[in-house]
Amino acid sequence: MADRVHPMPHSQPPHPASPPSPGQEEATETTPLHPAFHAPPAAPPGMYIVQIPKDQVLRVPPPDRARLYKTLAGRPGRKRHLRRSCFGACGAVILLLLAAAAFVGAVYLVFRPRAPAFSVSSLSIRGLDASSTQSQLSPVLDLAVRADNGANRKVGVDYRGGGGEVSVSYSGTRLAAGAWPAFRQAPRNVTAFSTTLSGTGVIFSEEQRKQLAAEQAARAVPLTVEARVPVRLLFGKVLRTWTVDVKATCEVTVDRLAGEAAAANRGCRVKVRPFLWWWW
C-alpha cells in the first residue's frame, strides 16, 4: 500500500498595508540570507513527509507482481471475446430460423398443400361369428381403401412401404392387422387398393358377444379402421419433405360379419406431427 503524503499548508503572506514588524525590518536590512532559507519548512506536529525514489515510482507493477498483473489484465478481454462469440452465434441461429420460416411460408403460398381424404370402399369378413362356441377366433378381412388426393394441384404424396400398418378393431378389441402398401400418388389423383388383414387369438367377453349379436341382428356393426403409414410430400419434381408418420382413423358400419359387407363411412380423422400442422 502506498504511503500517504500530506501537503504542507502555505503560510499567508503579510498584507501590503500592514507595517512590518521591527524584527522583520531588521532582518531585511541587516541580516543576510542563510542557506537554510531555501530548505522546506518543518512539518507541524501530526504530519509527515515521505520521499519516494524515482526508480520505485516509475515501475508499475513491481517485478514480483508483473505476472499476476498480466493474468488479471487479460481476463476482461477474454470475457468480451466470449460475449461477442455468444452474441454472434445467437444471431446466426436467429437468422437461420427466420430464413427457414420464410422458405416454408413461400412454399406454402406457392403449392397450397392439402390433406388427402380416406374412405373404406368395401370390407369382406371371414371367421368372425358372434354365436361361435370357440373361445378364440382368427378372423380374416379383405379391406378396400380409397385415397383421394384431388385437393392438391401441385403436391404429390409418397406412401412409404416397410412401416405402414392397417388394423380393424371392434369395441377396443383388435380383430386383424395387415401391411399398408407402398405407392406414389400424383396430384389430383385417386388411388384405390386392397389389403388382407389377419388376426389370431381374438377373445370376446360375454358382454361383447351379446352386444355384437344384437348389432349384427340390427345390421349395423360399428368397426374402427386405423392406419399408420410413413409418407413424404412431393413439391414438384425436386423438392420433397422428410418422412413423417401419419395416422388415419376411420369409423365404419357394416351390415354383416360374414362374406362381403357393405361399409358405411362415418368419417375419418387424420393426425400428423406438429411441424406439419398446416398441411393437415
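Select Cys268. At 29% relative accessibility, Cys268 counts as partly exposed; that label sits between buried, under 20% relative accessible area, and exposed, over 50% (1.4 Å probe, protein chains only). This is a predicted model, where local features need pLDDT of at least 70 and side-chain atom pairs count only at pLDDT 80 or more, while totals for chains, interfaces and linings use all residues. Residues are numbered from 1 along each chain as its sequence is written, and side-chain values use heavy atoms, with hydrogens and water left out.

**The disulfide**

A disulfide joins Cys250 to Cys268, with 2.0 Å from S to S. The rule asks for a pair of cysteine sulfur atoms within 2.5 Å, and the count by this rule is 1 disulfide. Look along the S-S bond: the angle about it is 115 degrees, and the link of Cys250 and Cys268 is right-handed. What does the pair tie together? Cys250 lies in strand E10 (residues 244-254) and Cys268 in strand E12 (residues 263-271), so the link joins parts that are 18 residues apart in sequence. Helices (H or I, at least four residues) and strands (E, at least two) are DSSP runs, numbered from the N terminus. Cys250 counts as buried, at 6% relative accessibility.

Select Cys86 and Cys90. Cys86 is partly exposed, with a relative accessible area of 46%. Cys90 also counts as partly exposed, at 47% relative accessibility.

**Helix H4**

Go to residues 206-217, helix H4. H4 has 12 residues and reaches 17 Å from its first C-alpha to its last. That is close to the 16 Å expected at 1.5 Å a residue; the expected span is 1.5 Å times one less than the number of residues. Which residues of H4 are buried? They are Gln208, Arg209, Leu212 and Glu215. These cover an arc of only 135 degrees around the axis, which puts them on the same side of H4. The arc is that of the directions from the helix axis to the C-beta atoms. Turn to the other side of H4: Glu206, Glu207, Lys210 and Ala217 are exposed there.

Show the strands too. The buried residues of H4 pack against strands E4 (165-170), E5 (173-179) and E8 (221-235). Step just past H4 to Arg219, which takes a positive phi of about 60 degrees.

**Two loop stops**

Select Ser171, in the loop between E4 and E5. Ser171 counts as partly exposed, at 46% relative accessibility. Its C-alpha is 9.8 Å from that of Phe204, 33 residues apart along the chain.

Next, pick Thr241, in the loop between strand E9 (239-240) and E10. Is Thr241 buried or exposed? At 13% relative accessibility, Thr241 counts as buried. Leaving aside neighbours within four places in sequence, Thr241 is in contact (heavy atoms within 4.5 Å) with Arg232, Leu233 and Phe235. A polar atom of the Thr241 side chain lies 3.0 Å from the backbone nitrogen of Leu233.

**Colour by confidence**

Finally, colour by pLDDT, the predictor's confidence in each residue, from 0 to 100. The chain averages 77, and 71% of the residues score at least 70.

Definitions and conventions: Polar contact = N/O pair within 3.5 Å; in protein donor to acceptor, adjacent residues only side chain to side chain.
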